[in-house]
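Q: Could you go through this structure with me, a piece at a time?

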Amino acid sequence: MGNKKHNVRESALEILEAVEKNQAYSNLLLNHVIERNHITGPDIGLLTEITYGTLQRKFTLDYYLQPFINNKIEKWVQILLRLSLYQMVYLDKIPDRAIIYEAVEIAKKRGHRGISGMVNGVLRAVQRNGVPSLSEIKDPIERIAIETSHPEWMVRRWSEQFGIEKTKEMCEENLNAPIQTARVNTTVTTREEVIDKLEKEGFEIMPSPITPEGIRSLKGNLAHSKAFSEGLITVQDESSMLVANAMNIKNDQFILDCCAAPGGKTTHIAEKLNGTGKVIALDLHQHKIKLIDDNAKRLGLNNVETEVLDSRKVTEHFQKNSFDRVLVDAPCSGLGVLRKKPDIKYSKSLEDITSLQSIQQAILQQAAQLVKPGGLLIYSTCTVDKIENEGTVNQFLLTSTEFEAYPLQLPEAITPFVEENKVQIFPQDFGGDGFFIACFKKGNVKQIDIIQ
Ligand SMILES: C[S@@+](CC[C@H](N)C(=O)[O-])C[C@H]1O[C@@H](n2cnc3c(N)ncnc32)[C@H](O)[C@@H]1O
């Protein structure tokens, strides 16, 4: 076996070990390791596949391995077995003998003879006997949890909130690699021009069937395109693009984005303002604010202003009743983005959801005071959870009597999913992230109607 391939498996092991110890997010680590270990060409794809695949299927792989492991084993050995088994079960281009050989070589390098012998023995036994059947698991919740590798509490909670069928579909969809999508910067170009340009660069592109400014990349990473570096596009999920669409933005408006970094929605809002008006973008830390500034600069947007600020204190810094639109894209549990960030499946707990809810409430209460009478307040999250989403906005409406539900205005493709002023998007709906968007209007519609 060539050293290069070794490097791929060793790199996967290194990333998965660090993720397991909660040292870093898999996506950031992956980029870092690719650069440091000089991984190039098709090996980048292989490393990405093995790392994400193993992480995505962790519980299933452990279930498969369990009958073959008798003694307690070190964490790195367990991860090595998982990533080897992942290749044996889910990747059909690599022969089992090559996978086993490489696992044994890594085990020899890192452990003693006993460990490499054990790795060899376990993988050969799996090869001989096959993996245990999932149909042994009788409890339906436990079965989904193991089959799709989600924590049982999460599957149970979703089943109670949305029903078991929808939950199963969502858990299955969470295992699929998402299609990369991007938003066209309509202040400088059109979707047709960008598609043409990208196709000349060698990308395979189709227009998004969901948003008018969206494109889908069927081949090629758009972040590495000329169109990206020239500020013609922003890599953004289609569900995320819906938020600025829901804001019903008109030229010259004054808009506040309370939780803005890295600026995906801020820059979309600025684009929708067509270079007029202003969007003020807030976030907690300077290094995050810099990401918004960099994005606005790359896109040539001059109507973005950024400030480091805790949005739970916005009324101390801005005049009440002064913004046409206020967006709260709240910090959330992120359960809608498990395809892109599988680490979240294993790191989030029920307690996290509860504590996030009080932050969401606090930001929403403060932000609401800055909306002009007749203006709109938009609340969004990239999570799928009834209590965190509907619970938060219902609670808000109960205590904020000057607000009323305002019908969501979204592209036609989304209307089947909308319930009056809110929408819960599931990853299986059209392949976008799981997202929640709700819209409220301040003041009485009949008395102060400054929205056309
Ligand atoms: C869901 S992300 C925002 C994504 C962003 N809107 C976009 O589209 O690119 C939530 C952001 O809220 C920020 N945040 C969390 N608590 C905050 C607070 N109290 N005040 C301001 N920002 C906060 C986080 O730093 C994080 O960047």
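This is a predicted model: local features need pLDDT of at least 70, side-chain atom pairs count only at pLDDT 80 or more; totals for chains, interfaces and linings use all residues.

Q: OK, at what angle do α2 and α3 pack, and how far apart are their axes?
A: Helix α2, covering residues 26–36, packs against helix α3, residues 42–56, at an angle of about 150°, and their axes are 11 Å apart. Because angles over 145 degrees count as roughly antiparallel, α2 and α3 are roughly antiparallel to each other.

Q: Is that crossing left-handed or right-handed?
A: The crossing of α2 and α3 is right-handed.

Q: Which residues in α2 and α3 meet?
A: From α2 the residues are Ser26, Leu30 and Ile34, and they meet Ile44, Leu47, Thr48, Thr51 and Leu55 in α3. By residue type, the contact of α2 with α3 divides into 5 nonpolar and 3 polar residues, with no charged ones.

Q: And α6 with α7, how do their axes cross?
A: The axes of helix α6 (residues 96–110) and helix α7 (residues 113–129) come within 8 Å of each other and cross at roughly 160°, so α6 and α7 are also described as roughly antiparallel to each other. The crossing in which α6 passes α7 is right-handed.

Q: Which residues meet there, α6 to α7?
A: On the α6 side they are Asp96, Ile100, Ala103, Val104, Ala107 and Lys108, which meet Ile115, Ser116, Val119, Asn120, Leu123, Arg124 and Gln127 in α7. The residues of this contact of α6 with α7 divide into 7 nonpolar, 3 polar and 3 charged.

Q: Switching to strands, in what order do the 4 strands of the open sheet run?
A: The order is β2-β3-β1-β4, and the pairing in this open sheet of 4 strands is antiparallel. Its edge strands are β2 (204–207) and β4 (233–235), each of which pairs on one side only, and the twist averages 35° from one strand to the next.

Q: How many bridges join β2 and β3?
A: β2 and strand β3, which spans residues 214–219, pair in the antiparallel sense over 4 bridges. Methionine 206 stands opposite arginine 216 in β3.

Note on methods: Residues are numbered from 1 along each chain as its sequence is written. Axes are lines fitted to C-alpha atoms, for helices over the stretch in contact, and angles run from 0 to 180 degrees between N-to-C directions. Helices (H or I, at least four residues) and strands (E, at least two) are DSSP runs, numbered from the N terminus. Angles under 35 degrees count as roughly parallel, over 145 as roughly antiparallel, 65 to 115 as roughly perpendicular and the rest as oblique. A crossing is left-handed if the near helix is turned anticlockwise from the far one by less than a right angle, and right-handed if clockwise. Two residues are in contact if their C-beta atoms, placed from the backbone, lie within 7 Å. Ala, Val, Leu, Ile, Met, Phe, Trp, Tyr, Cys and Pro count as nonpolar, Asp, Glu, Lys and Arg as charged, and the others, Gly among them, as polar. Two strands pair if DSSP finds at least two bridges between them.
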